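User: Good morning. I would like to go through this model with you, starting with a single residue.

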Amino acid sequence: MSDQISTFSIRRVGHRLQSLGRAGEWWGYKLSPILATAYATVSLSRLPLWPFLSTLGLLLLALAIGAVYVSILNDWTDRAIDRAAGKVNRLSGKSAGFVGVALSLCIGIGLGFGYYFWSLDPVISFCYLGAWVAYSLYSIPPARLKIRGFAGVLADASGAHLFPQLLTIAFLSHATRQTVPVGWWLAVGGWSLACGLRNILWHQLSDVAADRQAGIDTYVTRLGEQKARQVGRLLIFPIEGLTFTALLLLMNQPIPLVALLFYGLLEAGRWRLWGLKPEVLAPNQRIILNEYYTLLFPLSILIGQTLTYPADGVLLLLHLLLFGTHSPQTWRDLGAVVRLMVRKLAGR
């Protein structure tokens with residue numbers, strides 16, 4: 001009986017922590033593309049991935065702690081404006097003491113990781129702690145860059161995408177004892193920053209009505225929806241596309257390109273079957289390439305690694321277990337599009 005109570009208590013605590021940390025909002029979207037960069041960085045050196053399994057696990061844990069910190073911090077500092085906007089806030093009704101303990105625990109673990117990374121290489125520590133600083137400045141008054149126009153957009157993109165991606169390159173470069181080409185740093189840095197900017201613009205565009213109601217002065221409320229979408233489409237997305245193309249060229253691997261072609265067929269099939277036109281930047285709608293970054297890109301790298309180093313199949317299975325169920329709608333759409341292609345080929 002005591003064992004059953006203990007198991008129930010552990011599950012309940014785990015569920016509360018998962019809810020508090022909003023894992024469903026960042027687990028697959030943020031961490032899977034970062035792991036793709038880790039896999040790709042190792043593959044540049046023509047090395048197997050399986051010897052670096054513990055390194056990848058440590059990276060994932062360090063990033064997850066940072067993401068939980070960000071989620072708690074954002075909810076705590078947004079309580080008043082969420083109330084004004086009529087939005088649900090997970091920390092509504094929680095005591096300051098409870099939040100203080102949760103944040104202190106995250107910060108303590110984060111500083112521990114920062115110290116460990118510093119002992120390996122100060123560059124690794126700078127990239128890791130840089131994400132924490134960016135998000136702290138984004139949320140905490142008096143800086144609170146979230147309400148300071150483009151500075152808030154840049155801080156969010158840097159904390160969620162740029163610094164974690166650069167951390168990944170630095171950490172895996174140290175682990176493999178290989179010097180990563182400067183071009184790789186530039187390509188991944190440019191792609192991740194542009195991708196982050198487009199995603200935070202999407203978020204602000206989707207929340208613009210609630211933000212105006214609450215009187216939040218975001219970049220989109222200042223600039224206006226139409227101009228913000230133009231910035232995303234005509235400036236940020238071309239940079240994202242060019243830098244990601246450079247990244248693929250530096251990888252010099254065929255399977256990610258085949259996966260990109262397959263993704264194009266998926267989008268074409270959606271348009272053909274359901275009239276779902278791919279969008280570069282549209283509020284409350286799926287935006288182009290995000291599914292490729294989070295699902296097909298990392299899997300394509302792992303498939304290529306497994307064909308060369310069969311033991312890397314363990315990493316492929318682990319990635320599928322951790323992230324494969326994150327986008328069930330994508331798998332359903334893939335099945336429908338494949339059935340459509342089969343019917344077309346069969347002449348029906």
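User: Is Asn 252 buried or exposed?
Analyst: Asn 252 is exposed, since its relative accessible area is 58%. The term exposed applies over 50%, buried applies under 20%, and partly exposed covers the range in between, using a 1.4 Å probe and protein chains only.

User: What should I know about the model before we go on?
Analyst: This is a predicted model, in which local features need pLDDT of at least 70 and side-chain atom pairs count only at pLDDT 80 or more, while totals for chains, interfaces and linings use all residues. Residues are numbered from 1 along each chain as its sequence is written, and side-chain values use heavy atoms, with hydrogens and water left out.

User: Where is Asn 252 found?
Analyst: Asn 252 sits in the loop that joins helix H11 (225-251) to helix H12 (254-274). Helices here are DSSP runs of H or I with at least four residues, strands are runs of E with at least two, and both are numbered from the N terminus.

User: And how many residues along the chain separate Asn 252 from Leu 44?
Analyst: They are 208 residues apart along the chain, yet 8.7 Å separates their C-alpha atoms.

User: Let us look at the whole chain. How many helices and strands does it have?
Analyst: The chain has 15 helices and 0 strands.

User: What box do the C-alpha atoms fill?
Analyst: Along the principal axes, the box is roughly 60 × 55 × 45 Å. Of the 348 residues, 49% count as buried.

User: What share of the contacts joins residues at least 24 apart?
Analyst: The share is 74%, among contacts between residues at least 6 apart in sequence. A contact means heavy atoms within 4.5 Å.

User: Now the helix pairs. At what angle do H3 and H5 cross?
Analyst: Helix H3 (residues 53-77) and helix H5 (residues 96-120) cross at roughly 150°, and their axes come within 10 Å. Axes are lines fitted to C-alpha atoms, for helices over the stretch in contact, and angles run from 0 to 180 degrees between N-to-C directions. H3 and H5 are therefore roughly antiparallel to each other. Angles over 145 degrees count as roughly antiparallel, under 35 as roughly parallel, 65 to 115 as roughly perpendicular, and the rest as oblique.

User: Which residues make that contact?
Analyst: Among them are Leu 58, Ile 65 and Trp 76 of H3, together with Val 99, Gly 110 and Phe 117 of H5. By class, this contact has 19 nonpolar, 1 polar and no charged residues. Ala, Val, Leu, Ile, Met, Phe, Trp, Tyr, Cys and Pro count as nonpolar, Asp, Glu, Lys and Arg as charged, and the others, Gly among them, as polar.

User: What about H13 and H14, at what angle do they cross?
Analyst: The axes of helix H13 (residues 290-308) and helix H14 (residues 313-323) cross at roughly 160° and come within 8 Å. H13 and H14 are therefore roughly antiparallel to each other. In H13, Pro 298, Leu 299, Leu 302, Ile 303 and Thr 306 meet Gly 313, Leu 315, Leu 316, His 319 and Leu 320 in H14. The contact has 7 nonpolar, 3 polar and no charged residues.

User: Which peptide bond is cis?
Analyst: The bond from Pro 141 to Pro 142 is cis, with omega near 5°. Pro 142 is placed in the loop between helix H6 (122-139) and helix H7 (150-176).

User: Finally, what does Ser 43 touch?
Analyst: Leaving aside residues up to four places away in sequence, Ser 43 touches Gln 253 and Gln 305. Ser 43 belongs to helix H2 (residues 23-44) and is buried, with a relative accessible area of 2%.
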